[in-house]
Amino acid sequence: MDRRIVLVTGASRGIGRAIALALARADNHIIATARSEKALTALDDEIKTLTGQTATLVPLDLRDFAAVDRLAGALLERFGRLDGLVGNAGVLGNIGPLETVSPQSFAETLDVNLTANWRLIRAVHPLLRMSPAGRALFITSGAAVRHRAYWGPYSASKAGLEAMIGCYIDETENVPIRVNLYDPGPTATDMRHKAMPGEDASTLPTPEDVAGLVPYYLSAECDVHGARLSYREISRRAAADS
Ligand code: NJP
């Protein structure tokens, strides 16, 4: 496979789906994962229409950590390397006072937003090392650094993600893998609607808006490493420069 091979988690809808489409348009081969097989098939159809290429679809629950290991084994067998990883899948979990959060929701939020990204790194780091220019981008949130009432599990999961990826950035300093965090900011998706049901979604950036920057950070040409990229900041700077 001459094209770069990029794994996108949470590719069934929202930001992950838009990232998968943007990466496919930029001539990457997409490995798309999420639980919804139907939505992944629809994504594959759209990629075929846009590019004439097919994607590799891997329906899986990221809480099934053994399945993440099996995915890495299958990628090794089929492609022999991985050029890019986009750790995008996430859940909001319960929004409300900490004493009302259910133990199940707290565990799921930490599992999907934090632990699954560690399991992905653990499973695919050797494959990223087999690429001449491995790239990894993890989707974070302002909630990682702004700790507001009622966002406890989600904030803790994203703060943990940023801490863990900070360590991974340090660990990959001297190898050809480049690793960054990306904060899309409020974006019109199902997750945002669940968090802010009264908000007018037409006032927010779309998933396509925030996905537009991603192909560059997954490309071999990009040597940015250790950045916490923010869509809002980048857009603000672009507007000021124009
Ligand atoms: O979320 P949503 P967004 N196993 O709910 C997948 C961050 N962010 O696009 O399994 C596997 O539309 C789910 O697939 P499915 C946010 O924290 C957002 O808004 O089929 N996959 C779906 O594809 C997150 O990290 C905003 O249900 C699982 C995807 O995850 C990322 O952006 C602001 C899974 C979620 O799609 C994408 O969020 C911000 C599991 N167990 C950061 N559970 C914002 N939208 O405003 C979920 O700063 N998925």
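Which backbone oxygen does the side chain of T172 reach? The points below take up this residue, the ligand site and three further positions.

1. The model is predicted: local features require pLDDT of at least 70 and side-chain atom pairs count only at pLDDT 80 or more, while totals for chains, interfaces and linings use all residues. Residues are numbered from 1 along each chain as its sequence is written, and side-chain values use heavy atoms, with hydrogens and water left out.

2. The side chain of T172 reaches the backbone oxygen of I169 at 3.2 Å. A polar contact is a pair of N or O atoms within 3.5 Å; within protein, one must be able to donate a hydrogen and the other to accept it, and residues adjacent in sequence count only if both atoms are side-chain atoms. T172 lies in the loop between α5 and β6 (178-183); helices (H or I, at least four residues) and strands (E, at least two) are DSSP runs numbered from the N terminus. With a relative accessible area of 1%, T172 is buried (under 20%; exposed is over 50% and partly exposed in between, with a 1.4 Å probe and protein chains only).

3. The ligand is surrounded by 32 residues, the closest being S12, R35, N88, Y154 and T189; a residue is near a molecule if one of its heavy atoms lies within 4 Å of it. This shell divides into 13 nonpolar, 12 polar and seven charged residues, where Ala, Val, Leu, Ile, Met, Phe, Trp, Tyr, Cys and Pro count as nonpolar, Asp, Glu, Lys and Arg as charged, and the others, Gly among them, as polar. Helices α1 (14-25), α5 (152-171) and α6 (190-195) each supply at least two residues of the shell, and the largest share, three residues, comes from α6.

4. Ligand oxygen atoms lie 2.5 Å from an N or O atom in the side chain of Y154, 2.7 Å from a polar side-chain atom of R35 and 2.8 Å from a polar side-chain atom of K158. The protein buries 96% of the 900 Å² that the ligand exposes when taken alone (Shrake-Rupley method, 1.4 Å probe).

5. Most residues other than glycine have a negative phi. D27, in the loop between α1 and β2 (28-34), has a positive phi of about 70° and is partly exposed at 44%. Y150, in the loop between β5 (135-139) and α5, has a positive phi near 80° and is partly exposed at 49%.

6. R122 belongs to helix α4 (residues 103-129) and is partly exposed, at 49% relative accessibility.
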